[in-house]
Amino acid sequence: MTIRFLALVVAFAALATVPYWMPGVYYINVASQILFYAIFALGLNVLVGYAGLVSLGHAGLFGVAAYAAGYMLQLGFGHPLAILVALVIGVASMAIYAALSLRSTGIGFIMITLALGEILWGLAYRWISLTGGDNGLSLKSRPELFGFSMSDVNTFYYASLVIFMLSLAAMTVFVRSPLGAALMGTRDQPRRMNALGYHVWAIRFYACLFSGLLTSISAILFVYYTQFISPQTLALTASAEVLLMVISGGAGTLLGPIVGATLVVVVKTVVSGFIERWNFLLGAIFVAIVILMPEGLVPGTARLWRLAWRQRERGASVTPGSAEAKP
Amino acid sequence: MSRKITRRKFMAGTAAGAAAATFRFPAPAIAQAAPFKLGLLTVKTGPLAQGGIQMEQGIVTFLKEKNYTFAGRKVEFISADTGGNPAGTKTKAQELIERDKVDTIVGPLAAFELLAITDYIAQQKTPCLSLAAAEDMTQRRPNPYFLRASATSSQAMHPMADFAAKELKLKRIITISEDFAFGYEQMGGFQQTFEDNGGRIVNKLWPPIVTPDYTPYLAQIQDVDGVCQGFAGSNPLRFLKQYAAAGLKYPVVTGETGGDDALLRSFGDEAIGLYSCCPYTLDLDTPSNKRFVAAMNKEYSVDPGFYCAGLYVNGMVVEAGLQKTGGKSDDKAELMKAMKAVTLTDTPRGPIKFDHLGNVIGDFYVRHLEKANGKLINKTVKTYHNVSQFWTYDEKKFLEQPVYSRNYPPLKS
């Protein structure tokens with residue numbers, strides 16, 4: 001427990017001082033990207049990891065919130081209202097998503113979310129008066145926060161960090177809450193939960209809303225970061241990418257999606273500068289993860305760590321000379 | 001103890017080996033009086049990769065020819081793969097500008113990539129020379145740090161329509177192009193000029209970008225004199241193949257992406273007869289084009305197309321601009337001004353200069369696809385000199401009308 005606590009403190013200190021030890025502005029921007037993609041992955045993890053519902057349409061939701069923010073700003077509304085409306089629309093879209101897709105689970109759920117995501121992609125592409133078609137929407141500025149302009153790289157990073165920490169805290173509280181426990185119950189034993197008097201559908205629906213909220217938050221950060229939104233953001237590949245973040249890091253764990261997001265963003269942005277075939281590398285890493293640690297990087301590493309620890313303890317407890325006695 | 005290689009060990013080893021094999025260390029910067037840093041944004045992975053790789057070949061060919069020296073300054077070349085999506089392009093533009101501190105960017109390839117970074121490059125005051133054809137970048141939303149030495153989407157289609165109406169004497173045409181902004185802008189330009197010359201666009205078809213089978217669209221092509229296609233990437237190949245297979249014989253006209261010289265090696269006889277209008281043509285008889293084609297043939301054993309030539313010409317513009325400033329690139333506004341004022345008389349695409357919005361005024365070539373000595377060639381049949389992005393229209397009037405779109409100009413009923 002203490003080691004864990006220490007590690008968390010070190011990690012937090014490292015995150016809080018990123019602008020001071022990163023070699024340049026570019027890497028601080030990469031760190032900001034990791035943070036908002038991590039929030040996105042956390043949001044998807046609510047469904048994939050804790051509810052056992054795999055969604056392949058989350059990029060569509062992400063896009064809806066991002067477009068909502070972009071469109072509001074284009075209409076001339078202020079940043080606070082744009083953010084608020086984006087959150088409301090993002091969560092409301094998730095509610096519609098959930099109402100349609102929670103009719104089933106498993107493959108059915110995947111296919112319905114996939115279809116909904118594609119519909120939103122098609123809308124973004126075709127509803128040109130609203131979305132600008134594939135020329136996208138540009139945002140003129142980032143908001144000011146307590147007198148600090150978010151156009152500044154460090155300010156943006158810290159804002160992302162604060163929002164990320166809040167999201168992570170919310171996630172932790174959610175997982176440990178009775179609702180979180182009930183959600184995991186519906187994942188493992190939906191029938192039994194039903195028999196115990198839980199409203200399985202409602203529990204899943206609330207989880208969806210929470211997932212939608214986190215997704216919308218990350219989408220708003222994303223759209224302020226890139227100051228541009230186009231239909232590619234809603235594409236199926238984007239949904240698959242965030243799903244890979246969750247699965248590679250470890251679905252159903254708090255830290256897994258964060259590790260997964262870090263892995264994907266770093267390979268996509270930093271490593272791709274050195275390796276031409278970075279897609280191949282990313283694929284190879286995923287294959288390696290699936291073979292070596294099918295449960296994901298975080299639980300997998302924890303398992304190996306425990307294994308090594310146990311072996312060391314066992315090795316220490318065995319007195320010298322008695323090794324041959326072992327079968 | 002057995003030394004058996006387990007599956008896990010094997011996989012781990014393979015993955016590590018593969019990672020190591022693909023790892024390319026960045027070339028160390030040569031310690032010398034600050035080199036000029038030239039960044040390339042291109043697409044090397046995904047469906048747009050073919051054009052993106054040709055872009056890199058084009059600029060590298062030019063740099064090699066100049067021995068990596070512009071105006072007496074060493075040129076450091078940094079290439080970045082955007083992955084063909086807007087968010088990736090933004091990140092890579094940041095990498096080039098903020099980390100590598102490039103003086104000028106060439107690329108990106110696609111309109112949506114450019115649109116994602118246009119505000120950013122203006123804000124960072126980094127000159128950008130792109131092939132992306134989005135009209136409004138040099139029309140209704142001009143960016144002072146943007147130059148386009150290739151063409152706007154419709155710049156080649158205006159002369160193509162003029163040729164189709166006046167020389168080919170076509171009267172009724174159906175257009176077919178991918179369902180995205182580049183397609184709309186191409187076909188809009190064609191329609192406007194064609195109808196101004198007495199022609200008539202009967203219908204406009206918009207298959208999605210990924211369309212395995214064009215049959216439903218081909219079935220709608222009837223009772224016309226010709227077809228105007230605006231496909232890009234590898235779609236022209238599949239379209240013309242299916243067009244011929246469907247037994248359609250109407251003459252086909254197209255723009256720079258639909259009849260690009262780089263496609264010739266993949267075309268079959270079904271493409272014979274295709275008319276295309278392009279800002280670059282392989283058979284242009286100028287010293288610099290001969291040099292360029294010879295270098296491309298030697299280095300990559302391919303005939304260059306529009307993407308290669310575009311980047312080669314971009315390189316020439318950067319060099320000429322740098323010569324004007326005496327090799328100085330610290331003041332980006334000055335450098336940009338110098339590049340915008342560049343007039344080149346001999347480039348692989350002929351003489352070029354820029355208008356006040358940063359778009360090229362240059363020659364456009366109408367070519368006829370033929371077979372000579374068993375090889376497909378694009379033979380130039382007419383050259384339109386000094387074509388501007390506004391064609392023969394008045395600039396003010398042109399800018400007052402909306403940008404060409406799916407529904408503009410509307411079909412005449």
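Reader: What pLDDT does chain A average?

Author: This is a predicted model, and pLDDT is the predictor's confidence in each residue. In chain A, 96% of the residues score at least 70. The average for chain A is a pLDDT of 90.

Reader: Which element of chain A has the highest confidence, and which the lowest?

Author: Helix α11 of chain A (residues 200-226) is highest, at 96. Among the elements, the lowest mean is 74, in strand β2 (residues 144-145) of chain A.

Reader: How are α3(A) and α12(A) oriented to each other, parallel or perpendicular?

Author: Helix α3 (residues 25-51) and helix α12 (residues 236-249) of chain A have axes that come within 9 Å. The axes cross at roughly 75°. Angles of 65 to 115 degrees count as roughly perpendicular. α3(A) and α12(A) are therefore roughly perpendicular.

Reader: Which residues of α12(A) meet α3(A)?

Author: On the α3(A) side, the residues are A:Tyr37, A:Phe40, A:Ala41, A:Leu44, A:Asn45, A:Val48 and A:Gly49. The residues of this contact divide into 9 nonpolar, 2 polar and no charged. From α12(A) come A:Val242, A:Leu243, A:Met245 and A:Val246.

Reader: Which helix gives the most to the side of chain B that touches chain A?

Author: Here 33 residues of chain B are in contact with 31 residues of chain A. On the chain B side, α1 (7-22), β3 (73-81), α3 (86-99) and α4 (111-124) each supply at least two residues. By class, that side has 18 nonpolar, 6 polar and 9 charged residues. With 9 residues, the most comes from α3(B).

Reader: Are α3(A) and α3(B) roughly parallel or antiparallel?

Author: The axes of α3(A) and α3(B) are 8 Å apart, at an angle of about 155°. An angle over 145 degrees counts as antiparallel. That makes the pair roughly antiparallel.

Reader: Which residues of α3(B) meet α3(A)?

Author: α3(A) brings A:Val25, A:Tyr26, A:Asn29 and A:Gln33. The residues of the contact divide into 2 nonpolar, 4 polar and 3 charged. α3(B) brings B:Thr91, B:Gln94, B:Glu95, B:Glu98 and B:Arg99.

Reader: What covers the buried residues of α5(A)?

Author: Helix α5 (residues 79-101) of chain A has 23 residues and reaches 32 Å, close to the 33 Å expected. Its buried residues include A:Ile83, A:Ile89, A:Met94 and A:Tyr97. The cover includes α4 (58-74), α6 (106-126) and α11 of chain A.

Reader: Is B:Leu129 buried or exposed?

Author: B:Leu129 is in strand β5 (residues 128-129) of chain B. Beyond four places in sequence, its contacts are B:Val106, B:Leu147, B:Ala149, B:Asn314, B:Val317 and B:Val318. The cut-off for burial is 20 or more other C-beta atoms within 10 Å. B:Leu129 has 26, so this residue is buried.

Reader: Which residue does a cis peptide bond join to B:Gly107?

Author: Omega of this bond is about 0°.

Reader: Is B:Asn67 buried or exposed?

Author: B:Asn67 has a positive phi of about 55° although it is not a glycine. Its place is the loop between α2 (49-65) and β2 (69-70) of chain B. With 9 C-beta neighbours inside 10 Å, B:Asn67 counts as exposed.

Methods
Residues are numbered from 1 along each chain as its sequence is written. Chains are lettered from A and ligands numbered from 1 in the order in which they are written. This is a predicted model: local features need pLDDT of at least 70, side-chain atom pairs count only at pLDDT 80 or more; totals for chains, interfaces and linings use all residues. Axes are lines fitted to C-alpha atoms, for helices over the stretch in contact, and angles run from 0 to 180 degrees between N-to-C directions. Helices (H or I, at least four residues) and strands (E, at least two) are DSSP runs, numbered from the N terminus. Angles under 35 degrees count as roughly parallel, over 145 as roughly antiparallel, 65 to 115 as roughly perpendicular and the rest as oblique. Two residues are in contact if their C-beta atoms, placed from the backbone, lie within 7 Å. Ala, Val, Leu, Ile, Met, Phe, Trp, Tyr, Cys and Pro count as nonpolar, Asp, Glu, Lys and Arg as charged, and the others, Gly among them, as polar. pLDDT is the predictor's confidence in each residue, from 0 to 100. The expected span of a helix is 1.5 Å times one less than its number of residues. A residue is buried if 20 or more other C-beta atoms lie within 10 Å of its own, exposed if 12 or fewer, and partly exposed in between; C-beta atoms are placed from the backbone.
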